[in-house]
Amino acid sequence: MEKNVVGDRKSIYRRVAAGTVLWLLVALTTASLLPLIETNIWWIRFLDFPRLQFALVTIVLMALYFGLRGHPGRFGWVAIFGAAAALGYHAYKLHPYNRLVEPAVVAQPDCPEGSALRVMIANVKRGNERAELFLDQVAVTEPDLLLVMETDAWWDERLSILDKDFRYRIQSIPDDHSFYGMHLFSKLELTSPEFRFFFGADTPTAVAHLRLSGGEIIGFIGLHPRPPLAFSQTSAMRDAHVLQGALLAREWDAPTILAGDFNAVPWERATRRAMRIGGLLDPRVGRGLFPTYDTGSYLFSWPLDQILFQPQFTLHDFRTLPDFGSDHLAVAATLCHGRGAAQHAPELLAGDLAEAEASIKAARHSISSLDN
């Protein structure tokens, strides 16, 4: 009799545990599929970030459920098939960054003299005062073009040491309450470099043409949009900023690089749309995720810092750099101009330009609302 009672208790505990796992799967499936909704609501858009984490937890929960010898009824099967659909959606979003996939950008082991360009971008984090580590990274990486974000007056003073190596420099230093200071350094001649302020005076966009040592003219657009923020800021401003940069790249005759801390992952709808509009390639495709944020977390880590470029460039190398005290890792890419004939930019889809226009309109409306 006692054995039967113990056995019954174990059976009850198992059923309760299995039921709990099913409800967790339902919650995770809902969170995974919500970003299918076209919306600017910050928390729904944030759910696009942890796709790899969601996929791994879903696999663990499904294995746990069957390990508990659950006997799914109608609800159970719905939950399991829903979780399987969510896994398929995660795989669809993340599979381009699998190393088994053919890279989107041709590898260029060597580049003719005068056609190479080494680009480095870094969000140094306002308040981070480990400037010496960052400057050491710059010295080791030896970029031709360096974009530094979240700078302020303190960083402006520390970065002045770079003037001896970079002939050209522009900077936008904000007031004490802004996180969007920006410095652009170049060893190559910059043509009419400037900062444009598409969505507010505190979010500069670095815009310039530069002449490679071989004589070719290329374009560079460096941006750092506002991130979606809990309860105070939708994703409209961020999406519009990235899309505005892509539209500018689309307009230019020169082959263009679009780079910066996008505050967006590359598989997000807005990022993919920007790539189609600007005819931009992502070096991560076929090479890996290369997460850049948050350096303080092994669990929640995403690729927010991008170096995208048009098909006239091939790739010698692409990498993230060691931690230097920021919450972002710096990113460096060595590009080769003039060898992109075998590459094809993603095709523009019907509605892409209209959606970009709608996003920009929504962002401008948000700015007007804030001003009023």
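Mentor: Helices (H or I, at least four residues) and strands (E, at least two) are DSSP runs, numbered from the N terminus. By that reading, tyrosine 65 lies in helix 3 (residues 51-67). The model is predicted, so local features need pLDDT of at least 70, side-chain atom pairs count only at pLDDT 80 or more, and totals for chains, interfaces and linings use all residues. Residues are numbered from 1 along each chain as its sequence is written, and side-chain values use heavy atoms, with hydrogens and water left out.

Trainee: Is tyrosine 65 buried or exposed?

Mentor: Buried means under 20% relative accessible area, exposed over 50%, and partly exposed in between (1.4 Å probe, protein chains only). Tyrosine 65 has 2% relative accessibility and therefore counts as buried. The C-alpha atoms of tyrosine 65 and glycine 19 are separated by 8.4 Å, although the two residues are 46 apart along the chain.

Trainee: Which residues make a nonpolar surface patch?

Mentor: Patches are made of residues with over 30% relative accessible area and no salt bridge; like charges are joined within 9 Å, and nonpolar side chains (Val, Leu, Ile, Met, Phe, Trp, Tyr) within 5 Å. Accessible areas come from the Shrake-Rupley method with a 1.4 Å probe, and for residues only the protein chains shown count as cover. Here Ile12, Tyr13 and Val16 make a nonpolar patch of about 320 Å². Valine 16 belongs to helix 1 (residues 2-33), and at 51% relative accessibility valine 16 counts as exposed.

Trainee: How many disulfides does the structure hold?

Mentor: A disulfide is a covalent bond between the sulfur atoms of two cysteines. The criterion applied is a pair of cysteine sulfur atoms within 2.5 Å. The structure holds 1 disulfide, which joins cysteine 111 to cysteine 336 with an S to S distance of 2.1 Å. Cysteine 111 lies in the loop between helix 4 (74-94) and strand 1 (116-123), and cysteine 336 in strand 11 (residues 331-337), so the pair ties together parts that are 225 residues apart in sequence.

Trainee: Why is the disulfide of cysteine 111 and cysteine 336 right-handed?

Mentor: The disulfide is right-handed because the torsion about its S-S bond is about 85°. As for the two ends, cysteine 111 counts as partly exposed at 25% relative accessibility, whereas cysteine 336 counts as buried at 0%.

Trainee: What is the order of the strands in the open sheet?

Mentor: Two strands pair if DSSP finds at least two bridges between them. The open sheet has 5 strands in the order 5-6-7-8-9, with mixed pairing. Strand 5 (189-196) and strand 9 stand at the edges, each with a single partner strand, so one side of each is left without a neighbour in the sheet. Within the sheet, strand 6 (residues 205-211) and strand 7 (residues 217-223) run antiparallel and are joined by 7 bridges; threonine 205 has leucine 223 of strand 7 as its bridge partner. Strand 8 (residues 256-261) also runs antiparallel to strand 9, with 5 bridges between them, and alanine 259 has isoleucine 307 of strand 9 as its bridge partner.

Trainee: Why is strand 9 largely enclosed by the rest of the structure?

Mentor: Strand 9 (residues 305-309) is largely enclosed because 5 of its 5 residues are buried. Both faces are covered, with Asp305, Ile307 and Phe309 on one side and Gln306 and Leu308 on the other.

Trainee: How many salt bridges does a search of the whole structure find?

Mentor: Side chains of opposite charge can pair when their charged atoms come close. A salt bridge is counted when a side-chain nitrogen of Lys or Arg is within 4 Å of a carboxyl oxygen of Asp or Glu. The search finds 17 salt bridges. In one of them, aspartate 239 meets arginine 45 (2.7 Å, N to O). Aspartate 239 lies in helix 7 (residues 236-251) and arginine 45 in helix 2 (residues 42-46), so the pair ties together parts that are 194 residues apart in sequence. Aspartate 239 is buried, with a relative accessible area of 5%, and arginine 45 counts as buried at 4%.

Trainee: Which residue forms a salt bridge with glutamate 189?

Mentor: The partner is arginine 211, the closest N and O atoms being 3.5 Å apart. Glutamate 189 is in strand 5 and arginine 211 in strand 6, 22 residues apart. Glutamate 189 counts as partly exposed at 35% relative accessibility, and arginine 211 is partly exposed at 37%.
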